[in-house]
Amino acid sequence: MLTHAEILSRIENKLRDTANTYYSDAYISEYMGAILKQISYAVPLKTTERHPSDRAVPTRGTYTTDGTTRDIILTDWDADDLVKLAQADGVEYAIYELDYEPKSFRNFYQRGKIVSLDLNLIPDASKTVYVYPDRLHILQEAIGTADTAGAVSTAGALAATSLVVKSLGTGTVNKYTKLTIAGDTTEYMVTATATIAANVATVSITPGLVVAADVDDVVTLALADSTLSPALEEVLIKWVSGSLIEDYGIYMLPSMPIGANWQAYTLKGQSLVAEAKADLRRLQIPDRYVRHSKD
């Protein structure tokens, strides 16, 4: 898997602009973010049932019924980057009036953050519902702070979904940042950007702590693993490069041979974008894109 910086470098090579003479890193990154969303709408990231030994990826949402309604309310983590909830494998729950087990994927209705279970009767309280959103892909650009080694400031209890971390310097701990704790082999993911104040930040994480965290345990921050497959990386590189050439290739004319014209750049850019979209359509064919297992 390529990092954000590696994909940026590949795009600059395609543009023949490694010195950022015509396209700044920030400008290319802006295009990358917009086009990454388009790619995700076509081939989204499938949320998983995370096991403690897995790398840090978005996990299924776990909800409980309250005994008064068929509805559950999605958290911001499950809703913010939601592409869709698929009827085939988006929501998993038992037929509570019959208390059938094991659970299986069942029908539901969705209105924004509200997910209504397709049940005749209101389920009892404290019944478990699992939600597997199809999400936007992750390609994190920056952690948010230069201080990637901190320490636990307040002891974290088993299953806690937030952690107070000290010795972080300044800045933020950005959403999606990978977080590991000494003595715990689990890779956690930060679920919301946290501001660092007086070298301390309270970060929300998924999954809940698998091992209780003690004060002064070393905490290490790292860029999130990209969720793009190699094939989707190539789609992103072609699409971004083609879009930039199509829209702004004219600015490169002064350094090009006599006789070069902006129409040639427009056609070249359009060709690259068309090729990227064709590749993406092929990846939408069932069984051509590897989905994470829920088993």
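This is a predicted model: local features need pLDDT of at least 70, side-chain atom pairs count only at pLDDT 80 or more; totals for chains, interfaces and linings use all residues.

Me: What sheet do they belong to, and in what order do the strands come?

Reply: They belong to an open sheet of 3 strands, arranged in the order S3-S8-S7 with antiparallel pairing. Strand S3 (71-73) and strand S7 (108-111) are the edge strands, as each of them pairs on one side only. Going from one strand to the next, the twist averages 25°.

Me: Let's switch to S14. Which strands does S14 pair with?

Reply: Strand S14, residues 178-181, is joined by 3 bridges to strand S15, residues 184-190, and these two run antiparallel. S14 also pairs with strand S18 (residues 218-222), again in the antiparallel sense, and that pairing has 4 bridges.

Me: Which residues stand opposite each other there?

Reply: On the S15 side, leucine 179 stands opposite tyrosine 188, and lysine 178 has methionine 189 as its bridge partner. Lysine 178 also stands opposite alanine 222 in S18.

Me: And the turn between S14 and S15, which residue has a positive phi there?

Reply: That residue is glycine 183, whose positive phi is near 90°, and the hairpin of S14 and S15 has 2 residues between its strands.

Me: Is S15 mostly covered or mostly uncovered?

Reply: S15 is mostly covered, with 5 of its 7 residues buried. S15 also pairs in the antiparallel sense with strand S17 (residues 201-206), over 2 bridges, and in that pairing valine 190 has isoleucine 205 of S17 as its bridge partner.

Me: New topic: alanine 159. Where does alanine 159 lie?

Reply: Alanine 159 is found in the loop that runs between strand S11 (149-154) and strand S12 (162-166).

Me: Buried or exposed?

Reply: Alanine 159 counts as exposed, because its relative accessibility is 53% and the cut-off for exposed is over 50%.

Me: What does alanine 159 touch, leaving out its sequence neighbours?

Reply: If residues up to four places away in sequence are not counted, alanine 159 touches Gly208 and Leu209. Alanine 159 and leucine 209 are 50 residues apart in sequence, while their C-alpha atoms are 4.4 Å apart in space.

Me: Now the helices. How do H1 and H4 cross?

Reply: The axes of helix H1 (residues 4-15) and helix H4 (residues 230-248) come within 9 Å of each other and cross at roughly 45°. The two helices are therefore oblique to each other, and their crossing is right-handed.

Me: Which residues make that contact?

Reply: From H1 the contact uses Ile7, Arg10, Ile11, Lys14 and Leu15, and from H4 it uses Glu233, Glu234, Leu236, Ile237, Lys238, Val240, Ser241, Leu244 and Ile245. Sorted by class, the residues of this contact are 8 nonpolar, 1 polar and 5 charged.

Me: And H2 with H4, what's the angle there?

Reply: Helix H2, residues 25-42, packs with H4 at an angle of about 125°, and their axes are 9 Å apart.

Me: Last one: how many helices and strands does the chain have, and what share is buried?

Reply: The chain has 5 helices and 18 strands, and of its 295 residues, 45% count as buried. Among the contacts in the chain with a separation of 6 or more, 72% are between residues 24 or more positions apart.

Notes: Residues are numbered from 1 along each chain as its sequence is written. Side-chain values use heavy atoms; hydrogens and water are left out. Axes are lines fitted to C-alpha atoms, for helices over the stretch in contact, and angles run from 0 to 180 degrees between N-to-C directions. Angles under 35 degrees count as roughly parallel, over 145 as roughly antiparallel, 65 to 115 as roughly perpendicular and the rest as oblique. A crossing is left-handed if the near helix is turned anticlockwise from the far one by less than a right angle, and right-handed if clockwise. Contact means heavy atoms within 4.5 Å. Ala, Val, Leu, Ile, Met, Phe, Trp, Tyr, Cys and Pro count as nonpolar, Asp, Glu, Lys and Arg as charged, and the others, Gly among them, as polar. Buried means under 20% relative accessible area, exposed over 50%, partly exposed in between (1.4 Å probe, protein chains only). Two strands pair if DSSP finds at least two bridges between them.
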